[in-house]
Amino acid sequence: MSKPDIHLYTAATMNGYKPVIFLEEASIPYHLTFVDFAKQEQKAPDYLLLNPNGRIPTIIDRSNQNFPVFESGAILWYLAEKYGQFLPASSNDRSETLQWLM
């Protein structure tokens with residue numbers, strides 16, 4: 001069985017749920033790694049290589065040279081463009097959508 005393109009590192013927080021909701025609504029397969037705040041896993045050296053801010057969420061796009069994306073808004077924007085979902089084609093509608101995202 002092949003691995004999904006998207007590997008999501010997250011925790012049970014409001015920002016942490018955002019990419020999960022996007023991926024589920026878009027029916028995009030993903031691999032999930034839970035980040036344990038009690039163990040300070042978001043500050044571990046391996047995680048900081050993916051996200052120097054030391055926060056969740058972070059995704060790795062395996063189909064794009066293991067490209068990391070962090071910050072929930074940036075992740076949602078990246079996924080919307082990559083998969084062509086949830087961003088309108090009209091520049092005004094697109095701008096309005098991104099305003100609400102930010």
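The legends below describe close-up views of a predicted model.

**View 1. The sheet has 4 strands in the order β2-β1-β3-β4.**
This sheet is open, and the pairing of its strands is mixed. Strands β2 (30-34) and β4 (67-70) form the edges, each pairing on one side only. From one strand to the next, the twist averages 20 degrees.

**View 2. Strand β1 (residues 6-10) pairs with strand β3 (residues 58-61).**
The two strands run antiparallel and are joined by 4 bridges. Two of the facing positions can be picked out by residue. Tyrosine 9 of this view stands opposite threonine 58 in β3. Leucine 8 stands opposite isoleucine 59 in β3.

**View 3. Strand β3 is covered on both faces.**
In a regular strand the side chains alternate between the two faces of the sheet. On one side of β3 are Thr58 and Ile60, and on the other are Ile59 and Asp61. These four residues are all buried. For aspartate 61 the relative accessibility is 0%, so this residue counts as buried.

**View 4. Strands β3 and β4 form a hairpin.**
The strands run antiparallel, with 4 bridges between them. Aspartate 61 has phenylalanine 67 in β4 as its bridge partner. Between the two strands of the hairpin lie 5 residues. Glutamine 65 in this hairpin takes a positive phi near 55 degrees.

**View 5. Helices α1 and α3 lie across the sheet strands.**
Helix α1 lies across β1 and β2. Its direction is at about 150 degrees to β1. Helix α3 lies across β1, β3 and β4. The angle at which α3 runs to β4 is about 130 degrees.

**View 6. Helix α1 (residues 14-25) packs with helix α3 (residues 72-83).**
Two packed helices are described by the angle between their axes and the distance between the axes. For α1 and α3 the angle is about 10 degrees, and the axes are 9 Å apart. Angles under 35 degrees count as roughly parallel, so α1 is roughly parallel to α3. On the α1 side, the contact is made by Asn15, Lys18, Pro19, Phe22 and Leu23. On the α3 side, the contact is made by Ser72, Ile75, Leu76, Leu79 and Ala80. Sorted by class, the contact of α1 with α3 has 7 nonpolar, 2 polar and 1 charged residues.

**View 7. Helix α3 also packs with helix α4.**
The angle between these helices is about 150 degrees, and their axes are 10 Å apart. Angles over 145 degrees count as roughly antiparallel, and α3 and α4 are therefore roughly antiparallel to each other. Helix α3 contributes Gly73, Leu76, Trp77 and Glu81 to the contact. Helix α4 contributes Arg94, Leu98 and Leu101. The contact of α3 with α4 divides into 4 nonpolar, 1 polar and 2 charged residues.

**View 8. Glutamate 81 and arginine 94 form a salt bridge.**
Side chains of opposite charge can pair when their charged atoms come close. In this pair the closest N and O atoms are 2.9 Å apart. Glutamate 81 lies in helix α3 and arginine 94 in helix α4 (residues 91-101), so that the pair links distant parts of the chain, 13 residues apart. Both residues also take part in the contact of α3 with α4. Glutamate 81 is partly exposed, at 46% relative accessibility. Arginine 94, at 26% relative accessibility, is partly exposed too.

**View 9. Aspartate 61 and lysine 82 meet in a salt bridge.**
The distance from N to O is 2.9 Å. Aspartate 61 is buried, at 0% relative accessibility, whereas lysine 82 is partly exposed at 31%.

**View 10. Glutamate 71 and arginine 55 form a salt bridge between two loops.**
The closest N and O atoms of the pair are 2.5 Å apart. Glutamate 71 is in the loop between β4 and α3. Arginine 55 is in the loop between α2 (45-50) and β3. The partners are 16 residues apart and link distant parts of the chain. Glutamate 71 is partly exposed, at 32% relative accessibility. Arginine 55 is partly exposed as well, with a relative accessible area of 45%. The count for the model comes to 3 salt bridges.

Technical notes: Residues numbered from 1 in each chain as written. Predicted model: local features only at pLDDT ≥ 70, side-chain atom pairs only at ≥ 80, totals over all residues. Heavy atoms only, no water. Axes fitted to C-alpha atoms, helices over the stretch in contact; angles between N-to-C directions. Parallel < 35°, antiparallel > 145°, perpendicular 65-115°, else oblique. Contact = heavy atoms within 4.5 Å. Nonpolar A, V, L, I, M, F, W, Y, C, P; charged D, E, K, R; others polar. Pairing = 2+ DSSP bridges. Salt bridge = Lys/Arg side-chain N within 4 Å of Asp/Glu carboxyl O. Buried < 20%, exposed > 50% of the residue type's maximum accessible area, 1.4 Å probe, protein only.
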